[in-house]
Amino acid sequence: MALMLALLCAAPLAAQSTAGPAAAPERGSVVSPVLTIDSERVFQQSDFGKRVAAEEREKLSALESENREIEAQLETEERALTEKRAQMTPEAFRVLADAFDAKVQETRSAQDAKFRELSAQLDVERGKFQQAAAPVFEQLMREAGAAVILERRSVFASATVIEITEEAIALLNETLGDGAGAEDR
């Protein structure tokens, strides 16, 4: 009897494993009390995540461009200061050099703050994504009869049949799109 039960339980898993991990099951075809998901991949490959990443790349590129411009200005200023050195007393030069060093440190701190703000904005967008995605994950859980979705990287071993990353991406794209204007909803 136990052998028969084991064979009946293994049959769906065997059928799934022949399809291979690349074959995404049709939505609603997974039935399991436990599901797994690769949340990072869901974010990166969803239209919402792609939009956020594109916006982040654009802002980061602008910040890097601004940094290069500031660096060029500071190098020009440093060369001019170095040229003045021969015509100044050491004390007078020290005052200008200290002021220049303070300006460099201030500028560096300001640019670092801009980078931290950019990182914080990404965290905010990820939070918005998680909040907007929650009903989609709940729908996938209901369709599968699941009680929980676990992060795939935290699971030591599992059957590929309970992996719903592809389904989640498809349903998120269908439901949320790129998430632009999500605050208006």
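Arginine 126 belongs to helix α4 (residues 90-144) and glutamate 40 to helix α2 (residues 39-45), so the pair ties together parts that are 86 residues apart in sequence. Helices (H or I, at least four residues) are DSSP runs, numbered from the N terminus. Arginine 126 is partly exposed, with a relative accessible area of 24%, and glutamate 40 is likewise partly exposed at 24%. Here buried means under 20% relative accessible area, exposed over 50%, and partly exposed in between (1.4 Å probe, protein chains only).

A salt bridge also links glutamate 125 and arginine 51, whose closest N and O atoms are 3.6 Å apart. Because glutamate 125 lies in helix α4 and arginine 51 in helix α3 (residues 47-85), this pair ties together parts that are 74 residues apart in sequence. Both glutamate 125 and arginine 51 are buried.

Lysine 114 and glutamate 66 meet in a salt bridge at 2.3 Å, N to O. Lysine 114 is in helix α4 and glutamate 66 in helix α3, so the pair ties together parts that are 48 residues apart in sequence. Lysine 114 is partly exposed at 36% relative accessibility, as is glutamate 66 at 29%. Salt bridges with shared partners join Arg51, Glu55, Glu125 and Lys128 into one network.

The count comes to 11 salt bridges. Residues are numbered from 1 along each chain as its sequence is written, and side-chain values use heavy atoms, with hydrogens and water left out. As the model is predicted, local features need pLDDT of at least 70 and side-chain atom pairs count only at pLDDT 80 or more, whereas totals for chains, interfaces and linings use all residues.

Notes: A salt bridge is a side-chain nitrogen of Lys or Arg within 4 Å of a carboxyl oxygen of Asp or Glu. Helices (H or I, at least four residues) and strands (E, at least two) are DSSP runs, numbered from the N terminus.
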